[in-house]
Amino acid sequence: MKAISIVAPAGENIATGKKTLEIRKWAPNFDCNEDLLIVENQHYLLKEGDEEMGKAVAIVKVKNVRPFFESDIEAACASYYEAGWLAWELTDVRAIEEPIKMIAKRKIYEVELRA
């Protein structure tokens, strides 16, 4: 399954439905019907090879990727607006009742999720 790390508390905000947009400078490279595992971690992973222990908190789908607008601040749980970023519209949110410890990495990465 594909996964993405998101700094706390954004992962929990996605899992609870409070955050419906993920804001990134880049677009994901996968089908909108694919599941994406949200792994919440504590620090921004800034360079290639950065990783830390996190926890899987939700499974979502990225319905659409579009420009980020100032009117998106609330849905993104963002503190400010900056032009040029992309808004990933998150749908079909399925919270993971008991978060699963796993590694958090940069960008989108593959994980094996065991039930």
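Reading a predicted model: surface, fold and aromatic pairs

Author: The accessible surface of the protein comes to about 6,800 Å², and 51% of this belongs to carbon and sulfur atoms; such areas come from the Shrake-Rupley method with a 1.4 Å probe, and for residues only the protein chains shown count as cover. This is a predicted model, in which local features need pLDDT of at least 70, side-chain atom pairs count only at pLDDT 80 or more, and totals for chains, interfaces and linings use all residues. Residues are numbered from 1 along each chain as its sequence is written, and side-chain values use heavy atoms, with hydrogens and water left out.

Reader: Which elements does the protein have, from the N terminus on?

Author: Helices (H or I, at least four residues) and strands (E, at least two) are DSSP runs, numbered from the N terminus. Here there are 1 helix and 6 strands, in the order β-α-β-β-β-β-β. The radius of gyration is 13 Å, close to the 13 Å that the globule rule gives for 115 residues, so the protein is as compact as a globular protein of that length; the radius is taken over C-alpha atoms, and the rule is 2.2 Å times the number of residues to the power 0.38.

Reader: How is a pair of aromatic rings described?

Author: A pair of aromatic rings is described by the distance of the centres and the angle of the planes. Rings of Phe, Tyr and Trp (its six-membered ring) pair if their centres lie within 6.5 Å, and planes under 30 degrees apart count as stacked, over 60 as edge-to-face and the rest as tilted. The structure holds 2 aromatic pairs. W26 and W88 form an edge-to-face pair, at 5.1 Å centre to centre and with 85° between the planes.

Reader: Where do W26 and W88 lie?

Author: W26 lies in the loop between β2 (21–24) and β3 (36–41) and W88 in strand β5 (residues 86–105), so the pair ties together parts that are 62 residues apart in sequence. F68 and Y81 form a tilted pair, at 5.3 Å centre to centre and with 45° between the planes.

Reader: Is W88 buried or exposed?

Author: Buried means under 20% relative accessible area, exposed over 50%, and partly exposed in between (1.4 Å probe, protein chains only). W88 has 0% relative accessibility and counts as buried, whereas W26, at 21%, is partly exposed. In the other pair, F68 is buried at 4%, while Y81 is partly exposed at 31%.
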